[in-house]
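I hope they are handy to read next to the model.

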Amino acid sequence: IVSGDPKRLYDFAYQYQTQQQLLGGFKPGSFDLFLSPPFVAYLYAPFAPLTYLLSAIIWTILTIALLFASFRMLWPLVPRVHQFGYWFILAVVLSSWPVMEVIFSGQDSALSLFLLVAGLRLLLNRHNGMAGLVLGLGLFKPQLFFLIPVLFLCQKRWRALTTFCALALGLAAF
């Protein structure tokens, strides 16, 4: 994407060659395929011109911010745990293995969580159209978000379904 040749996005030989050049042969034979939908490459493109260390630091800070924001949005929805205190529960959550894995391995799961929680809050506040858009952005991980339209259909949330599907079609066309 950054080089201006998006047709090579799924050229696996080119991916392998590029990874080996970037890693300097550090992990010969290892290969991490890019299999995400094409629009996801644009999410990561701003990090490409940066050094690996700087992009890793920025991504880690962004991940932690998304985790904090997700926790903050979820807190009012779980009143039964309020008895243990906000900071205690936050400490437990942040010290859990899945959260540590997300932070230290550079996964994009914090973004998925944020979109799911934000979409849930919007649905609960009856902002169905905006919820459809926010949850539609989750299609960068289609395996996590592909059943959302079924939920909208079952709940007869037509505006959410419409905006989700419109965004999905827009992303596919993009």
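**Notes on the helices, cores and pockets**

1. Let me begin with helix α7, whose buried residues pack against α6, α8, α9 and α10. Please keep in mind that this is a predicted model. Seven of the ten residues of α7 are buried, so the helix is mostly covered, taking buried as under 20% relative accessible area. The buried ones are Asn128, Gly129, Ala131, Gly132, Val134, Leu135 and Gly136.

2. Now for the overall picture. The protein has ten helices and zero strands, and from the N terminus on its elements read α-α-α-α-α-α-α-α-α-α. Along the principal axes, the C-alpha atoms fill a box of roughly 50 × 40 × 25 Å.

3. Of the 174 residues in the protein, 33% are buried. Among contacts with a separation of 6 or more, 54% join residues 24 or more positions apart. The protein exposes about 11300 Å², and carbon and sulfur atoms supply 70% of that area.

4. Which residues have the most contacts inside the largest nonpolar core? They are Leu135 and Phe152, in a core of 31 residues. Helices α2, α3, α5, α6 (109-124), α7 (128-137), α9 (148-154) and α10 (158-173) each supply at least two residues of this core. Helix α6 gives the most, with seven residues. As general background, nonpolar side chains tend to be buried together in soluble globular proteins.

5. Setting aside neighbours within four places in sequence, Phe152 is in contact with Leu123, Gly132, Leu135, Arg157, Ala160, Leu161 and Phe164.

6. Apart from neighbours within four places in sequence, Ser112 is in contact with Phe140, Lys141, Leu144 and Phe145.

7. The largest pocket holds about 1900 Å³ of space. Its lining has 42 residues, and Gln19, Leu22, Asp32, Phe34 and Tyr44 lie nearest the centre. Two or more lining residues come from each of α1 (12-23), α2 (40-44), α3 (52-74), α5 (97-105) and α8 (142-145). The largest share, six residues, is from α1. By class, the lining of this pocket divides into 24 nonpolar, 13 polar and five charged residues.

8. The second largest pocket has about 180 Å³ of space. It is lined by 13 residues, with Ser70, Phe71, Leu74, Ile89 and Val93 nearest its centre. Helices α3 and α4 (86-94) each supply at least two of the lining residues. The lining here comprises twelve nonpolar residues, one polar residue and no charged residues.

Definitions and conventions. Residues are numbered from 1 along each chain as its sequence is written. This is a predicted model: local features need pLDDT of at least 70, side-chain atom pairs count only at pLDDT 80 or more; totals for chains, interfaces and linings use all residues. Side-chain values use heavy atoms; hydrogens and water are left out. On a 1 Å grid over the protein atoms alone, a cavity is a set of points where a 1.4 Å probe fits but cannot get out, and a pocket is an open set with protein on both sides within 12 Å along at least five of seven lines; lining residues have an atom within 4 Å of a point. Grid points are joined across faces, edges and corners, and a volume is the space filled by probe spheres set on the points. Helices (H or I, at least four residues) and strands (E, at least two) are DSSP runs, numbered from the N terminus. Ala, Val, Leu, Ile, Met, Phe, Trp, Tyr, Cys and Pro count as nonpolar, Asp, Glu, Lys and Arg as charged, and the others, Gly among them, as polar. A nonpolar core is a set of buried Ala, Val, Leu, Ile, Met, Phe, Trp, Tyr and Cys residues joined through side-chain atoms within 4.5 Å. Buried means under 20% relative accessible area, exposed over 50%, partly exposed in between (1.4 Å probe, protein chains only). Contact means heavy atoms within 4.5 Å. Accessible areas come from the Shrake-Rupley method with a 1.4 Å probe; for residues, only the protein chains shown count as cover.
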